[in-house]
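Please open the model in your viewer and keep the selection panel at hand, as this tour goes from one selection to the next.

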Amino acid sequence: MPELLPDPVQYAVPAFVVLVLIEMLVAWRVDPTRYEPKDTLTSLLLGTGSTVAGALTGSAVVALSVWLYQFRLFDIGYVWWAWILVFFLDDLAYYVFHRLAHRVRYFWASHVIHHSSQHYNLSTALRQTWTGFFSLSFAFTLPLALLGFPVPMLLFASGVNLIYQFWIHTEAIDRMPRWFEAFFNTPSHHRVHHATNPRYLDKNYAGMLIIWDRMFGSFEAERADDRPRYGIIRNLGSFNLFWAAFHEWIGMAKDVATVPGWKNKLGYILAPPGWSHDGSRDTSDTIKERWREAGGENSAPVGQERPQAVPAE
Amino acid sequence: MDWLTLIGSLVAVFALAGIAWWLGVGTPPAIGSEEAARRHAAEAHSGFRPREAAVDADGRAALVLGEDREIVLLRPHGARIAARVFRGAPPCAVSDGELKIASGERMFGDVTLRLGEAEAARWAARLGELSDA
C-alpha cells in the first residue's frame, strides 16, 4: 500500500478474533448449532490463506492502480467531498463485482468459497477466497483510479468496506432500527444473501449500502416464515480446506475439457453457475422457476419460522 | 504480512476452533423420522415431491424417493445436513442389514443406512427397479 494512509483491516483483525469468541459464547448459551468446530476451523484457515494470497498479489494490484492513475480524468485529491463520494462509488463498484460474482461462473469459482459454509456466523465472514486475483476481483475498482481518486484513498475505502461486512455475518442480531435497515446492509439483509431458499437466491448483493439492491431490483427482505438455510446448492459435504478453495475451479476445468464445441466451453466459463450444455443441471433461475410453478411465492415454505432459543444444558 | 503476523493468526485460528470444540457446540444432527427426511429433501431440492423415505436407524442418513425418478440422499455434515440429488437410482449394495449408497463423489463419500435385513433388501430392490425403468 502506498504511504499516507494506514491499512484499516490490519487494525481490525484483533477485534475480529474477540468478536468471533464473544459470538461463539453467545451461541453456546442460545443455540449451539450456530457454530461447529471443523466448520469454524475451515472458515478461519480459508481467511488466513486469503490474507496470504492477498499479500502475494497486493503489490501487483497497487502497481496497476498507480499506473492507471497517471491517466486520470480529474485531479480529485484528498478534498473532503471526495471522501464521501469514494465510499459511495467504491460500494457501487463492490455491488457490480458481487452481482457478477454470482452470475458468471468464472467469478463465482472464486467467490463460492465465501458461501461454502452451511453456517452463518462471524467466522463465515472470514471465509474468503484464495483466488480473487485470478478471478480479477480487483478490476472493478480500477475505473475509480482512472476517474482520479488517489490510490491510497481507494484502498482505504475498500478496507473500510471489508471491515463493515464483517459484523453483518451473524444470527445474533435480528433487526436493526428501520431507518438503518432502509439504508445500510444489515445482518438480516445479508442472511438473505447467504441463503439457498429459492426466494432468496441471487438477492441482496450489497456491501455497505442496501440502496443499490433497492435501486437495481435485487432486494429481498428476510421473512419470518422462510428461515434462511445457508450454504450453496450443492453443499460440499467436506471440510477439506483445499476442496473448499478450489472445487469450482476444478469442476469448471473438467467441464471445459470434456464438453465438445467452443460455444459450450465458453458457456461453462461465462454462463451463470449451474449452467450446462444439456440442461441437466440447476441454475438459480431454474430453481426459482420450479419454486414459482409450485406456488412457492404464495405459500409458506418448508423451513417455517425462526427457531426458538434453545437453552444450553 | 510478516511471519510473526502469520504465526499469530494461526495461533488465534486454532485457539478459536479449540474453544468451539471444548464448548461442545455443533453436535451432528439426527434425521429423526421419515417426515423429517422428506422435509430435508424438499428443502435441498426445489420442486422435489417426496413419496417415500428410508431413514437410518440412528438418524445418520436418509434416502428419499420422489416423483419423476428423482432421489435425494441425505447425511449429516458437521451440525447440518448435506444432500445429493440423483435423477435415477444411484449404485447401491446391501450387506448385514446396511444399504450402502455410492454418491459418485470422492469428497462427499458413500453413505450407509442401517435399515435391517428386510428393509435394506427391499430398498435395494426398489432402487434396482428404478435403474431398470
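How many bridges join strand E6 of chain B to E7(B), and in which sense do the two run? Select residues 98-101 and 111-114 of chain B: E6(B) and E7(B) run antiparallel and are joined by four bridges, where strands are DSSP runs (E, at least two residues), helices likewise (H or I, at least four), numbered from the N terminus, and two strands pair if DSSP finds at least two bridges between them. Within this pair, B:Lys100 stands opposite B:Thr112.

The model is predicted, so that local features need pLDDT of at least 70 and side-chain atom pairs pLDDT 80 or more, while totals for chains, interfaces and linings use all residues. Residues are numbered from 1 along each chain as its sequence is written, and chains are lettered from A in the order in which they are written.

Finally, show both chains: the contact takes 26 residues from chain B and 36 residues from chain A. On the side of chain B that touches chain A, the largest share, 11 residues, comes from H1(B).

Conventions:
Two residues are in contact if their C-beta atoms, placed from the backbone, lie within 7 Å. A residue is buried if 20 or more other C-beta atoms lie within 10 Å of its own, exposed if 12 or fewer, and partly exposed in between; C-beta atoms are placed from the backbone.
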